[in-house]
Every structure is written in structure tokens, then in C-alpha cells.
Amino acid sequence: MRAMIFAAGLGTRLRPLTNRIPKALVPILGKPLLLWQIERLKTAGISRIIINVHHKAEQIIEYLHTNRNFGCEIYISDEREELLETGGGLRKALKEYPYDEPTLALNADILSTNILNGLTAAYQNDLALLVVSQRKTQRYLAFDEDLHLKGWTNVSTGEIRPTGQDLTGTQLLAFSGMQIVSPQILPYMDRMGNDRFSLIDLYMDIVRRKGEIRAYIPDDYRMIDVGKIEQLTEVEQWANEWLR
């Protein structure tokens, strides 16, 4: 299995810090977000990694080069011409670096307790296996009793996707931004109609086409999104408690 780290984001909520460095290089407890992800992938035995870049891409490339890719086999998926969002970015990477095994995809800016060994063990040649939890949010993925994806909803607005889908009796779970995808997902990506789309857009289209996607609910899971600049102190306190 290989991995992809989404590191192309603009990091607008972390300005002015991200006016001079990319979000993936923002330090938490003195260690860049990107390195937190690389190290936990290596701990799980995954050292073949794709990293997509856009905002201040040259800094990420230089950081990896200077540190000899931290002993990993790292490939750069360059989105400097156009930022493709998560779905489009993953599609570009899968096409640029073909691979006949699954890809574990995760966000550079979401820190979590290490559940990678359990996640990879749970993967069963699924089209996609999504890490979810019972975390409170406004936007949820909806799963049936067998943990197959049935839709998405925003509980604050009442919006449901796919449109008209009956989510009665489903279990609402929060998406973590982490998943394992099969190479067989590419034909679904090619049906999206454009190069730029989110993974949620892709998953809802797969649900509409009756494709099967499963949930993985890890035990004792903790995560935090490195979002606004005023939350960095809170993120460091969280990391000191859960990642040390």
C-alpha cells in the first residue's frame, strides 16, 4: 500500500503565517505538519508517498530534498497550474503515478491519534474505506446498518445528497478526511465531468451509481483540524497530550 498526503491547500485561515510558508510546513510542537504525517506513515510501514503541492510548492519540494525525503520514496503531484481540490488532486496523482495497490489518502492539516495499522487491516478490497467517527459537526456522512455509505447531509440546513435520497434510519458519522481507495475508483473519477472536484462530490456520485463504499470507525480515535491561526495554541496543547 502507498499513501497520498494532500498538501496543496492555500491555508487562508492561517494567514498571515501562510503568506510566507505553505500550510503543510506550519510547525506544531516544532515539527511541520507534513513531517507528522510522514512519520506516522513510516510507523505503519508505508514509505511510498505522493504529496500534491500548489501554494508555495517550491518550499515543500526543497524541504523534502534537503531532508532526503526522510528515507521515503516520495513523488510530487504538481498542481501549481490549477488547484484541483481533494478529488481532482487524487485523480491526478493516481493517473500520474499508476499503482495496482490501494492508496491511503489523508490531509496534511488534520492531526490524529495513529489508527493506520487498524485501518489498513480493515481494508477488504473496498472501492473506498472511509475513516469516520461520532464527532459532533454540521455535515455528516450517512451509513446503513452494514456501514455502507448512503448519502451526506448538513443538519443545520437540511440539505441531503444525493438529492432525494432517503436517509431515514441511517447512522450519521463525521468524516475524518482519511480514506483508503482502490485503483478501481478511477473510472468513477473519470465520470465526474471535470478535473476539479471534491472527494465528497465523488463519493456522492458513486452512491448515486450504486457503488459501495464502507465506513471504518476506529477505537479511541482523537483528531484535530489545524484551522484558524488563533487555534494554534489549542492544537499544540492537543498534540502534546495525544501525540507525545
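Q: Where does asparagine 69 lie?
A: Asparagine 69 sits in the loop between helix 2 (57–66) and strand 5 (73–78). Helices (H or I, at least four residues) and strands (E, at least two) are DSSP runs, numbered from the N terminus.

Q: Before we go on, what am I looking at, and what are the ground rules?
A: This is a predicted model: local features need pLDDT of at least 70, side-chain atom pairs count only at pLDDT 80 or more, and totals for chains, interfaces and linings use all residues. Residues are numbered from 1 along each chain as its sequence is written, and side-chain values use heavy atoms, with hydrogens and water left out.

Q: Back to asparagine 69. What is its phi?
A: Asparagine 69 has a positive phi of about 55°, although it is not a glycine.

Q: Why flag that?
A: Most residues other than glycine have a negative phi.

Q: How accessible is asparagine 69?
A: Its relative accessibility is 22%, so asparagine 69 counts as partly exposed. The cut-offs: buried is under 20% relative accessible area, exposed is over 50%, partly exposed is in between (1.4 Å probe, protein chains only).

Q: And asparagine 125, what phi there?
A: Positive again, at about 60° for asparagine 125, also not a glycine. Asparagine 125 is in the loop between helix 4 (116–122) and strand 8 (128–133). At 71% relative accessibility, asparagine 125 counts as exposed.

Q: Which peptide bond is cis?
A: The bond from arginine 161 to proline 162 is cis, with omega near -10°. Proline 162 is in the loop between strand 11 (159–161) and strand 12 (171–181). Most peptide bonds are trans.

Q: New topic. Is valine 26 buried or exposed?
A: Buried, at 1% relative accessibility. Valine 26 is in the loop between strand 1 (2–6) and strand 2 (27–28).

Q: What does valine 26 touch?
A: Leaving out residues up to four places away in sequence, valine 26 touches Leu14, Leu17, Thr18, Ile21, Lys31, Pro32, Leu33 and Leu232. A contact means heavy atoms within 4.5 Å.

Q: How far is valine 26 from threonine 163 in space?
A: Valine 26 and threonine 163 are 38 Å apart, C-alpha to C-alpha, and 137 residues apart in sequence.

Q: Helices next. How many residues of helix 6 are buried?
A: In helix 6 (residues 199–208), 8 of the 10 residues are buried, so the helix is largely enclosed by the rest of the structure. Leu199, Tyr203 and Asp205 are among them. Just after helix 6, lysine 210 takes a positive phi of about 70°.

Q: And in helix 3, which residues are buried?
A: Gly87, Gly88, Gly89, Leu90, Arg91, Ala93 and Leu94 are the buried residues of helix 3.

Q: Now zoom out. How many helices and strands does the protein have?
A: The protein has 7 helices and 14 strands. Its radius of gyration is 17 Å, close to the 18 Å that the globule rule gives for 244 residues, so the protein is as compact as a globular protein of that length. The radius is taken over C-alpha atoms, and the rule is 2.2 Å times the number of residues to the power 0.38.

Q: What share of the protein's residues is buried?
A: Buried residues make up 54% of the 244.

Q: What are the spans along the principal axes?
A: The C-alpha trace spans about 50 × 40 × 35 Å.
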